[in-house]
Amino acid sequence: MMDNSTLATSFSEKLKACPVIAILRGITIDEIIPVCSVLAENGITLLEIPLNTPDALKCIEFACKNAPSGQIIGAGTVLSAEDVQNVYDHGGKFIISPNMDTAVVRRTKELGMLSIPGCFTATECFSAVAAGADYLKLFPAGSVGPGYIKDLKAVVKKPFLAVGGVNSENIGGFIKECAGTGIGGSLYRPGKTPDAISSDCRILIEKIKYTD
């Protein structure tokens, strides 16, 4: 088990190498090894399994034990401190929420995991910082664009992740302002073949490479 400082450093380094967290909503146990493997082959090493995925905790535990070495598995759609504890007990390393809940952030940090609460307003951002969040998930990002994040960064001194409506067409603008992005449906959906995932990964990575 990585300690918090080692986890934070590893997470940051992986975001710098490839600023994408793959959101695997709806993934099944049978898909985990092939999907995680093809993502690793394309340089994506941060993986989120949302808790509204069927058997999410089993999937998280299985991924933590069987995903390629170097990948870090966390949970999304985490709505309570109890959820945080369950993710921790099943091996998850980071907690992502669609909202800002002080109890969720504090329990996450008590357990030594990385905290990434969802925020939209400046008030929510400052509340998240005060509670101890490591990153701020700007959600939904696609409806407001990177300019909104740039404005928030003028006063909020924490790294942002852009999630919701981010894809290969607009990722360039977001990574100019953010530490990373969360990519869901345009990268993975249940039943999507590894070859199709790999193809979309390559398109996404090319867009990132050619961002000034």
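Visitor: Which exposed residues are on the face of helix 6 (residues 122–131) turned away from its buried side?

Guide: Thr123 and Ala130 are the exposed residues carried on that face. Buried means under 20% relative accessible area, exposed over 50%, and partly exposed in between, with a 1.4 Å probe and protein chains only. Helices (H or I, at least four residues) and strands (E, at least two) are DSSP runs, numbered from the N terminus. This is a predicted model, in which local features need pLDDT of at least 70 and side-chain atom pairs count only at pLDDT 80 or more, while totals for chains, interfaces and linings use all residues. Residues are numbered from 1 along each chain as its sequence is written, and side-chain values use heavy atoms, leaving out hydrogens and water.

Visitor: Why do the buried residues of helix 6 line one face?

Guide: An α-helix has 3.6 residues a turn, so residues three or four places apart point the same way. In helix 6, Cys125, Ala128 and Ala131 are buried. Viewed down the axis, the buried residues of helix 6 fall within an arc of 130 degrees, so they line one face (the arc is that of the directions from the helix axis to the C-beta atoms). Their cover includes helix 5 (102–110), strand 6 (118–119), strand 7 (136–138), helix 7 (146–153) and strand 8. After helix 6 comes Gly132, with a positive phi near 115 degrees.

Visitor: Which residues of helix 1 are buried?

Guide: Leu7, Ser10, Phe11, Lys14 and Leu15 are buried in helix 1. They sit on the same side of the helix because they cover an arc of only 135 degrees around the axis. Glu13, Lys16 and Ala17 are exposed on the face turned away from that buried side. Helix 1 (residues 4–17) has 14 residues and reaches 20 Å from its first C-alpha to its last, close to the expected 20 Å; the expected span is 1.5 Å times one less than the number of residues.

Visitor: How do I read a strand, and what covers the faces of strand 9?

Guide: In a regular strand the side chains alternate between the two faces of the sheet. In strand 9 (residues 180–183), Gly180 and Gly182 are buried on one side, and Thr181 and Ile183 are buried on the other. Strand 1 (residues 20–23) runs parallel to strand 9, joined by three bridges (two strands pair if DSSP finds at least two). Ala22 has Ile183 as its bridge partner in strand 9. Strand 8 (residues 160–163) also pairs with strand 9 in the parallel sense, over three bridges, and Ala162 stands opposite Thr181.

Visitor: Which residues have the most contacts inside the largest nonpolar core?

Guide: In soluble globular proteins, nonpolar side chains tend to be buried together. A nonpolar core is a set of buried Ala, Val, Leu, Ile, Met, Phe, Trp, Tyr and Cys residues joined through side-chain atoms within 4.5 Å. The largest one here has 54 residues, and Val20, Leu24, Leu39, Ile44 and Phe160 have the most contacts inside it. A second, separate core of twelve residues includes Leu7, Leu15, Ile21 and Leu46.

Visitor: Is Asp200 buried or partly exposed?

Guide: Asp200 counts as partly exposed, at 25% relative accessibility. Asp200 is found in helix 9 (residues 194–209). Leaving aside neighbours within four places in sequence, Asp200 is in contact (heavy atoms within 4.5 Å) with Ser186, Leu187 and Lys192.
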